[in-house]
Amino acid sequence: MGDKDLLLTESLDSIESASVKKNAGIKSQIPKIPWYMDGGFVIFWASLFLTVVVPLFYRLPEANTLEDVGKGVFIAERAQENLYDFAKIGTKLVGSDGNENKTVQYILKELALIKANVLEDYFDMEIDHQLAYGSYVRGGAQYQYQAVQNIVVKITPKGSTSQNYLLVNSHFDSKPTSPSVGDAGHMIVTMMEVIRIITTSTDKLTHSIIFLFNGSEENSLQASDGFLTSHKWAPYCKVVINLDAAGSGCRELLFQTGPNNTWLVKYYKESAKHPFATTMAEEIFQTGIVPSDTDFDIFTDYGDIVGYDIGLVCNGFVYHTKYDQYDIIPRASIQNTGDNLLALVKALANAPELADTTETGKAVFFDVLGLFFVSYSADNGKTFNYAVAGVAIILVYVSLLRIADVSNVTAAQVQGWFVLILVLQVIAFVLGLALPIVVAYVFDKYGLSLTYFSTPALSIGLYVCPSLVGLALPSFIYLRLQKNEKITYAHQLQMALHGHAIVLSILGIGINYYGLRSTYIITWTLVFYVIPMALNLLSTLQDRGYSWTGILKLTQVVPFLYNSYLFYTFIVILTPMMGRFGQTTNPDLIISAMAALGTILSMGFLILLINVSRRSGYILLALLAVSAATIYIASSTEIGFPYRPRTNVERVYYLHVRRTFYEYDGTISKDESGYLFNFQDRRGSAPLLEAKVDLTGMVSMASDCAKYMMCGVPYPDSRYVKNRLNGTWLPREIPIEPATDEPLVLLNKTVLEDGNTVRFEFEIRFTDHSTLYIEPYVDATITKWSLIESYLSTTPPYYVFFTYGVDDSPLSVTIEIQKSNGDFNVPVCEIGVGRQFMHTSGDITAQEFAKTFPDSAVLIEWPADYHRYIF
């Protein structure tokens with residue numbers, strides 16, 4: 001082929017090796033692709049994401065109706081009718097009439113209707129109503145509860161002698177203000193429908209099934225502890241399916257399994273009709289960065305139980321707010337959950353593994369676009385990860401030798417050039433990850449975090465486009481500026497892709513060695529580069545100009561679809577959570593890093609192929625232009641404002657507090673009222689100030705935290721405690737009317753016979769949500785008390801979260817304090833009692849203050865009081 005013919009051809013299959021000595025590396029070898037093909041390349045992959053990934057992510061099955069009754073299938077229409085009635089009850093806060101009476105009676109009524117239709121020749125159905133009392137230490141605090149309610153159902157197959165039970169658990173209580181339809185009414189009605197289907201079918205089961213409807217999960221998982229420690233059926237429960245929610249509607253995600261029971265994943269794989277799970281979710285959740293706990297932790301940490309943790313994860317914007325309502329849950333979402341749960345329950349109720357759940361080992365598992373499920377043992381996964389990385393490195397080496405051979409240069413020369421390209425690809429990887437993070441950092445620095453919160457599409461311009469530019473820029477500059485005329489441009493481009501493969505291989509080896517099962521993501525991305533590389537080598541397409549790109553593009557469809565699906569899943573899940581991550585963490589760093597990783601793994605190989613075109617620079621300019629426009633929109637228009645009424649609200653937690661400090665002689669040294677704020681997101685009070693909410697006089701609680709035990713305020717839960725140094729106090733001029741009763745009464749003070757120990761006996765009149773703080777003075781030590789003895793080994797101050805359901809009896813507490821000099825006529829101990837009045841709206845002043853907040857803010861507030869005593 002002559003020079004003239006070579007220059008005129010526009011075919012990607014031109015055989016450049018035939019003239020390598022004359023025109024290797026010169027710009028004329030870059031095909032003259034029409035301008036519209038440049039943008040079309042990027043648009044194609046974007047369209048693939050929008051037309052395949054997004055629809056499959058939100059895909060739900062067709063819902064069964066009452067016409068399908070009798071077919072042994074889950075009937076979503078019937079469950080939805082139950083959910084409507086459940087939603088009408090309203091807020092179901094522990095201690096409230098809604099939770100303790102209306103919801104309990106509703107569930108008992110529905111279960112009685114189900115029991116009346118049980119096929120008694122096949123099943124026995126027992127219903128037990130438990131009042132649970134107990135306490136436990138977790139997360140640095142003691143949790144104590146009395147008379148929280150559980151409704152427990154036991155389905156026993158006729159003739160079954162198995163003493164190994166399957167447990168299915170969810171909760172019906174709610175957070176303040178929330179009707180709890182998604183979290184977790186959706187799961188409650190699903191469980192009821194599964195009971196209805198199982199007890200009216202003739203399917204034979206081996207093991208008994210326990211369905212636990214627990215009435216106090218939102219109060220630090222107390223009702224599940226009550227079941228585990230005191231219910232007659234709890235000792236026989238071997239496997240749990242825990243059902244919860246961090247959102248509303250859509251599909252439910254399996255985000256924890258085990259621990260260390262790979263057979264559980266096998267049963268999910270074989271049973272779940274609509275699989276949605278990933279090892280990566282499990283590893284992220286177990287880091288503790290997700291601001292949620294579930295009953296699964298109680299069952300696995302405190303009981304000899306293994307199982308699954310499954311939760312709704314879409315639309316977390318309504319989670320724990322008044323907008324978690326019936327009308328936002330599609331019937332098909334209930335069908336999705338019901339199909340999976342029914343199949344999984346039936347499979348596990350016949351599983352021989354329930355007799356011995358001591359198997360150790362973890363699994364790698366993931367669904368592929370919701371279409372099918374892949375799983376294998378973590379040990380096999382570790383071997384597979386190393387093998388794929390090793391094969392990738394070997395094939396790259398073989399490819400380099402082939403390039404040297406067809407180019408008539410030495411292998412050492414090609415390897416030298418490749419080292420430079422590899423360095424550039426390391427830089428590209430770093431830039432692809434770092435540029436989005438830099439954008440996130442700068443936005444946060446100027447008080448503009450969470451701009452994507454209500455407009456997720458902004459993440460494309462803020463994070464995805466900068467990542468693509470970072471990935472492509474080093475190779476673009478190198479390929480345009482290099483003067484290497486000994487090997488073809490196509491081979492140099494191929495070496496750039498090889499460099500990216502080596503970077504992923506080394507990264508995969510390192511992460512695999514560290515022990516993360518999520519290495520599978522890198523491994524499978526490499527698999528679909530290894531395959532085309534091997535095929536191109538075997539078919540010699542590698543040596544035929546750009547022919548090798550055809551197979552590569554075809555195989556890259558698979559990792560593109562999966563990786564973009566996976567990281568889209570996490571962005572959908574995590575974005576709403578960024579609104580409750582607290583003020584100390586920049587949430588944009590998390591979202592930007594997730595978007596960058598998704599971009600690198602989805603487009604890392606593909607973006608380098610823009611260099612096939614002479615006009616690849618235009619693509620980079622277009623990406624930069626999109627980023628610049630998005631940065632302007634996000635920072636300078638209302639589109640970038642995070643919050644919207646109803647759909648994407650700002651959570652504003654605050655208490656109307658009256659605090660009273662009693663000194664040793666009984667005098668009052670402090671008596672003041674104010675609003676105690678616990679801002680949930682990075683922007684803190686700034687959006688409220690912009691909305692003209694009067695926060696004049698608001699001060700940080702940091703100084704009070706330095707002066708007073710537990711900052712001298714009543715914290716309702718552990719999140720407030722953890723965030724106490726970032727809390728703020730807004731004084732109010734009009735005092736809050738105090739409660740009529742004293743929360744703490746000293747019944748007796750006795751110096752014991754040893755002369756160095758004093759015993760205090762107290763009666764504490766708690767509300768259904770209260771806190772007790774205890775701290776001895778520096779020269780005194782608590783040696784014994786009526787609370788959990790093991791808790792004394794922790795560092796004071798000690799704090800106890802107290803809850804009751806239907807028994808409001810006062811709590812009696814005995815404390816023995818030892819002092820070396822035996823002088824008990826001076827202060828030895830400080831005690832604080834905080835009481836929450838969550839079922840009331842507060843006084844007129846508080847109600848008027850609440851009306852000044854914008855519609856984009858959802859208020860979660862109530863009165864509270866705090867009394868500090870010195871003894």
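Where is Gly842 found? In this predicted model, select Gly842 to begin the tour; the residue sits in the loop that joins strand 20 (829-836) and helix 23 (844-850).

**First stop: Gly842**

With a relative accessible area of 21%, Gly842 is partly exposed, because buried residues must fall under 20%. Next, display the residues in contact with Gly842: leaving aside neighbours within four places in sequence, these are His656, Gln847 and Pro863. Gly842 and Ile774 are 68 residues apart along the chain, and their C-alpha atoms are separated by 28 Å.

**Second stop: Ala595**

Select helix 18 (residues 587-603), which holds Ala595. Is Ala595 buried or exposed? Ala595 has a relative accessible area of 5%, so the residue is buried. For a view across the model, select Ala116 together with Ala595: from C-alpha to C-alpha they are 53 Å apart in space, and in sequence they are 479 residues apart.

Two packed helices are described by the angle between their axes and the distance between the axes. Select helix 6 (residues 181-199) and helix 11 (residues 331-348), whose axes lie 9 Å apart and pack at an angle of about 50°. Helix 6 is therefore oblique to helix 11. The crossing of helix 6 past helix 11 is right-handed.

Now show the side chains at the contact. Helix 6 contributes His186, Met187, Thr190, Met191, Val194, Ile197 and Ile198. From helix 11 come Ser333, Ile334, Thr337, Gly338, Leu341, Leu342 and Val345. Of the residues in this contact, nine are nonpolar, five are polar and none is charged.

In soluble globular proteins, nonpolar side chains tend to be buried together. Which residues have the most contacts inside the largest nonpolar core? They are Met495 and Leu497, in a core of 116 residues. Select helix 17 (residues 548-577) next; this helix gives the most to the core, with 14 residues.

Centre the view on Met495. Not counting residues up to four places away in sequence, Met495 touches Leu400, Ile403, Val414, Trp417, Phe418, Ile421 and Ile487. To end the tour, select Tyr145, Val148, Leu787 and Tyr804, which are among the 80 residues of another core, lying apart from the largest one.

Methods. Residues are numbered from 1 along each chain as its sequence is written. This is a predicted model: local features need pLDDT of at least 70, side-chain atom pairs count only at pLDDT 80 or more; totals for chains, interfaces and linings use all residues. Side-chain values use heavy atoms; hydrogens and water are left out. Axes are lines fitted to C-alpha atoms, for helices over the stretch in contact, and angles run from 0 to 180 degrees between N-to-C directions. Helices (H or I, at least four residues) and strands (E, at least two) are DSSP runs, numbered from the N terminus. Angles under 35 degrees count as roughly parallel, over 145 as roughly antiparallel, 65 to 115 as roughly perpendicular and the rest as oblique. A crossing is left-handed if the near helix is turned anticlockwise from the far one by less than a right angle, and right-handed if clockwise. Contact means heavy atoms within 4.5 Å. Ala, Val, Leu, Ile, Met, Phe, Trp, Tyr, Cys and Pro count as nonpolar, Asp, Glu, Lys and Arg as charged, and the others, Gly among them, as polar. A nonpolar core is a set of buried Ala, Val, Leu, Ile, Met, Phe, Trp, Tyr and Cys residues joined through side-chain atoms within 4.5 Å. Buried means under 20% relative accessible area, exposed over 50%, partly exposed in between (1.4 Å probe, protein chains only).
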